[in-house]
Amino acid sequence: MKLFEDFGKGTIEFFEYAGGLTELGEETLSFVAKLRIRLTETVLQCYLLGVQSLVIVLLTSLFTGMVFSLESAAQAVKYGVGTLVGGAVAYTSVRELGPMLSAVVVAGRVGAAIAAELGSMVITEQIEALQSLGLAPARFLVVPRLLALIIMLPLLAIFADVVSILGGMWIAQTYAHISYETFMSSVRQTIGFDDVTRGLVKSVVFGIIIALIGSYQGLRTRGGAAGVGAATTGAVVISIILIFISNFVLSYILYGGSTG
Amino acid sequence: MTDLRPLEDAQDGDTGQDDRLIARVDNVTMRYGDKIVLEDCSLDVVKGAITCVIGLSGAGKSTILRLLNGLRRPERGHVYVKGFDICHMPERELIDFRSAIGFAFQFAALLDSMTVGENVALPLHEHTRMSAEEIGETAEATLDSVGLENTYNMFPSELSGGMLKRAGFARAVVTNPDIVLYDEPTTGLDPIITNLLTDTIKHLRTKLNGTAVVISHDLHSIYMMADYIAMLYEGAIIAYGPTDEIRRSTNPIVQQFLQGSEVGPIPV
């Protein structure tokens, strides 16, 4: 019986969470649609959430591109296909690694920060204060963060793409003696503008996920400092899981299961 | 305010449109999880008066304030404010409606990312068509009126506890609301600051010609400012009336509470 009870309770909690998240998303998007946007706050959030994440995104992307090149270049040269290394690095970077890595890194840094900030505001009654002043927290707090991530995450993904490819190119030249010209020629032949734009579409979706999950986790915080901790952890875990799931769905939709 | 009398003729189910009432909590039941906080609780809020709600810690006093501005919705019953049943008002309508109700929180709840002046100016930016210059002047004048001159550009973290509370008062009253709700405005402060805040509440009521509902444990402060006192006990208002009447109440629960005695019907 306990098993059924737990299952039932878990199911109810899941749908309550999904319903609350949908409600927040709908309310937030309705404010965006009505252009009820706090511009100064949005610009500030672009800086805090986007610009301040740049270094960590660049570092993770650089080393991931380098590792990918290190693993593939020597083997590729061994089998006589060294000229394809640039394409392989660029292909994975632009389609997957750039959008995914930047999103995961931002989810860890920014998703947690949003949940912690809003959670602290809940337990210090600042959210209730906003409501009592006739201000909707969704418009006041969530809209700027959502827009900031929709704008900044694709930009971060572009930086991630470029740095990842450059790192891969350097390693390919250093360890497998693949010239920069050969590497870049392969890059140009393999990826097109479509690949880049589709990667950016993913980034926009990931940005929405991070902003909404972080905000929702923060706004539903209960129980003091421990509650803020739980909300923060939850924001990171749920965001990353949803990023991976949506990445698969988006890849299927955008690339149609094709390889080209 | 001496001519005010308890509304003995106010009936359950009244919509609060009685001219003497500005708000009415009507047979409200409210619970958090499994714990029933209010059960068939009713309270009249008389227009132009200061009504103080007293009761034990955790009795649900703050919940009554949150019901009065729609931050909480009851499980059963109604809450009428200015004749509107706000329990069934959609959240988006409530957001606009709340601009007519000031709320001073227990710990001020100023937004710590903004200066004190920006906090006070915030509702003016959102709910008025005043120019930025007018908003700044109004916010500054409101801060002056609660004794917080030259704090406009300070951040909440730079203020003392008493100053924070007064800044919270300023934000609550800057839009000239019809009702101001004060949640434990004097808790944790020294007697001098307590007197200062009590005078501030009375001064703001007079200045706004409005109504105040105050939650407090500080009996000295309550006796100084209250026109009416309501005592909340075990989820319901068990005594309500003009301050002098409540002080003379023969209800043993009220007397034990007012005397702070450990002996009596309230278990310690």
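Across the interface of chain B and chain A in this predicted model, the rule finds 4 salt bridges. One salt bridge joins the side chains of A:E128 and B:R72, with a distance of 2.8 Å from N to O; the pair qualifies because a side-chain nitrogen of Arg needs to be within 4 Å of a carboxyl oxygen of Glu. Polar contacts across the interface of chain B and chain A amount to 7 residue pairs, with both residues at pLDDT 80 or more. On the side of chain B that touches chain A, at least two residues each come from helix 2 (91-97), strand 6 (101-104) and helix 3 (116-127) of chain B. Helix 3 of chain B gives the most to this side, with 4 residues.

How many residues does the contact take from chain B and from chain A? Chain B contributes 23 residues, and chain A contributes 19 residues. The size of an interface is often given as the accessible area lost when the parts come together. For chain B and chain A, the buried area is about 1700 Å², and carbon and sulfur atoms give 53% of it.

Attention now turns to the architecture of chain A. Chain A contains 9 helices and 0 strands, and its pattern along the sequence reads α-α-α-α-α-α-α-α-α. The C-alpha trace of chain A spans about 65 × 55 × 35 Å along its principal axes. Of its 260 residues, 48% count as buried. When contacts in chain A between residues at least 6 apart in sequence are considered, 87% join residues at least 24 apart.

A:I208 lies in helix 8 of chain A, which comprises residues 193-219. Is A:I208 buried, exposed or partly exposed? Its relative accessibility is 30%, so A:I208 counts as partly exposed, because that class lies between under 20% for buried and over 50% for exposed. Leaving aside residues up to four places away in sequence, A:I208 touches A:L146 and A:I150. A:I208 and A:I241 are separated by 33 residues in sequence and by 14 Å in space, C-alpha to C-alpha.

Aromatic rings provide a further view of both chains. A pair of aromatic rings is described by the distance of the centres and the angle of the planes. A search of the whole structure, over all chains, finds 6 aromatic pairs. One of them consists of B:F103 and B:F105, whose ring centres are 4.2 Å apart and whose planes stand at 20 degrees, so the pair is stacked. The angle leads to that label because planes under 30 degrees apart count as stacked. B:F103 is buried, at a relative accessible area of 3%, and B:F105 is buried with a relative accessible area of 3%.

An edge-to-face pair is formed by B:F169 and B:Y182, at 5.0 Å centre to centre with 80 degrees between the planes. This pair links distant parts of the chain, 13 residues apart: B:F169 belongs to helix 5 (residues 161-173) of chain B, and B:Y182 to strand 7 (residues 179-183) of chain B. Both B:F169 and B:Y182 are buried.

In chain A, the charged end of A:R95 sits over the ring of A:Y255, 3.8 Å from the ring centre. In chain B, the charged end of B:R247 sits over the ring of B:Y223, at 3.6 Å from its centre.

Notes:
Residues numbered from 1 in each chain as written. Chains lettered and ligands numbered in written order. Predicted model: local features only at pLDDT ≥ 70, side-chain atom pairs only at ≥ 80, totals over all residues. Heavy atoms only, no water. Phe/Tyr/Trp six-rings, centres within 6.5 Å; stacked < 30°, edge-to-face > 60°. Buried < 20%, exposed > 50% of the residue type's maximum accessible area, 1.4 Å probe, protein only. Lys NZ or Arg CZ within 6 Å of the ring centre and 35° of its normal. Contact = heavy atoms within 4.5 Å. Buried area = accessible area lost by both parts, 1.4 Å probe. Polar contact = N/O pair within 3.5 Å; in protein donor to acceptor, adjacent residues only side chain to side chain.
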